[in-house]
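User: I am new to this structure and would like to go through its aromatic rings. Please show it first.

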Amino acid sequence: MSGGLIELCALDNCPQITTLINHKDNTKKSDKTLQAIQRVGQAVNLAVGRFVKVGEAIANENWDLKEEINIACIEAKQAGETIAALTDMSSLNRPESDGQITIFTDKTGVIKAARLLLSSVTKVLLLADRVVIKQIIRSRNKVLATMERLEKVNNFQEFVQIFSQFGNEMVEFAHLTGDRQNDLKDEKKKAKMAAARAVLEKCTMMLLTASKTCLRHPNCESAHKNKEGVFDRMKVALDKVIEIVTECKPNGETDISSISIFTGIKEFKMNIETLRENLYFQSKETLSAMLDALLERTEDFTDSAYTSHEHRERILELSAQARMELQQLISVWIEAQRKKTKSIDEELELAILKISHSLNELKKELHSTAVQLAADLVKYHADHVVLKALKLTGVEGNLEGLAEYACKLSEQKERLVETCRLLRHVSGTEPLEITCIHAEETFQVTGQQIISAAETLTLHPSSKIAKENLDVFCEAWESQISDMLTLLREINDVFEGRRGEKYGYLSLPKPMKNNANLKSLKPDKPDSEEQAKIAKLGLKLGLLTSDANCEIEKWEDQENEVVRYGRNMSSMAYSLYLFTRGEGPIKTSQDLIHQLEVFAEEGLKLASSVQAFSKQLKDDDKLMLLLEINKLVPLCHQLKAVTKTPSQNQVFLKVDKSITKTRCIMATLVQLLSLCYKLLKKTQMENNRWVSVTNKDSVDGKT
């Protein structure tokens, strides 16, 4: 659908149409000129034809907009045909063509046709945009409806079925919103969309373990609190996506977030610089109010308990200096309004330069304060001592230890949250401001959820699912700490002028954040389409590992060979999923290839175990199982072949193929585990029935 639309999206800037409209009437009618004009007309008409086909296809799928789209398509088609007819020079040199209307005889007709074409194309594009927005809203509503069912479910089997449906709906939603994110032109909206989608992706994995913990420990208050936190955050993120695509806030709310100090300084400097051109453009009161508001926000730094005495004193000193220099500027300004002399102009210029210099010095001091605080904090917590201690107190059931380390994590969380607020003031660009806000919210929410997950484990120290749940939340925390380093590097780059507004920030939360990994795989920066494709595959893989784990949970004998190999494969697939996000143990191309080879081998071992199990079954059941094995074995061999194929600088293609094959293997694994479990239960029931009948016959014989 998008191919035809994109082709004509820029028709209003199309050089072909511009050439036709701007041609000179006295242009020499050489054969070469006539052929060129005809080619242009035909090219426009062909492009319109392709565009109309796409538009009609959209209309047929959306009955409520069908009539409007079809009318616009008819107009576009007519305009394209008119342009083609007016540029048809094939019969111009023949005697009977004297009365033929062409671009040379009817230039006004071409202009009218071009305007009609651009108008109708714009209509179709706007209507198609409404269709996309409706699709996203419809997809969001499906996700919300399934989430409501997941919140209420209290049966594990039912939960597995609903979560599988939820996973598919989340993949669809990720596809739609990913495409929308790529289409957004506004960098701020793009960053907001990326942040909301990152929350949804991470929370999908958290929702699984948090819900399973609740089902396993239904009377545990902390487990319910933990699960509710995940659901609440996902709902907020879903609303944020709809707010971005529809460009309207719920209940008419407005954006109340204050502007950053760096943005305030930039706006203030622009205002004082207008005095060079116009002494009456601004009022003194306006400039004074702007500076007061700007300096009031520096209190976030001076009031912080974590700002050093030296930095605090320097910030206060520079703030006082800026106020004093504004008063000096206002005095010169009033004088300049009274009399226009060369000396007054020079004094005004000097006053503007002085206050600009003071504000630049203030910027440097604020930047140094925030970045130093953040760097020291990230370095200090890089070893995650508190998280490790919480895990240990949990498995020991140590409630006193839990209280101590929960308090330490809360302190760490508050410090990180405040540091993110300070970083936002000095971020320098809107996308990085959004990243700072996202980091702040993540630390705030995840910190509370880690504590509730740790409390659940402490109350149930032998619970494997409670331990797994705590691990998932700790991983999210560690990942955000790691992202802070990238964010700091990019804030420094912007401050030092090494990065512009339109740069693709690595710290912006994306479904795929494996930029560090990709440097070792490919010298060139991957394009957005490659990133989006790998990210989608990665998300599907992550959801399939969840499905596999749900199937494994059903088995009573967790040491069964089939279960053991299945668990190993699920664990490796999860590592591959983390790789697509730039996380986890896989760091280089060698690590990736090794992991894929081991994964394929484990799949073949699983196939052998399942084949051995099939020998215990009846013919019909055995055939069902062998059909599934026959799917798995070739896939494993194909994956091994992909890993051995030389990449020849097409590393993304190799990663794409590898993840696709792994996803197919995992989908087959889920089917196999489910089928094996059902057949095992069936066999056990038949054996129990046979034993029961045998015992009854034995008793009857004795009687």
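User: Over the ring of which residue does the charged end of lysine 284 sit?

Analyst: This is a predicted model, in which local features need pLDDT of at least 70, side-chain atom pairs count only at pLDDT 80 or more, and totals for chains, interfaces and linings use all residues. Residues are numbered from 1 along each chain as its sequence is written, and side-chain values use heavy atoms, with hydrogens and water left out. A charge sits over a ring if NZ of Lys or CZ of Arg is within 6 Å of the ring centre and within 35 degrees of the ring normal. The charged end of lysine 284 lies 4.8 Å from the ring centre of tryptophan 333.

User: How many aromatic pairs does the structure hold?

Analyst: Rings of Phe, Tyr and Trp (its six-membered ring) pair if their centres lie within 6.5 Å; planes under 30 degrees apart count as stacked, over 60 as edge-to-face and the rest as tilted. By that rule, the number of aromatic pairs in the structure is seven.

User: Is phenylalanine 262 buried or exposed?

Analyst: Buried means under 20% relative accessible area, exposed over 50%, and partly exposed in between (1.4 Å probe, protein chains only). Phenylalanine 262 has a relative accessible area of 7%, so it counts as buried.

User: Which residues form one aromatic cluster?

Analyst: The cluster consists of phenylalanines. Its members are Phe156, Phe159, Phe163 and Phe166.
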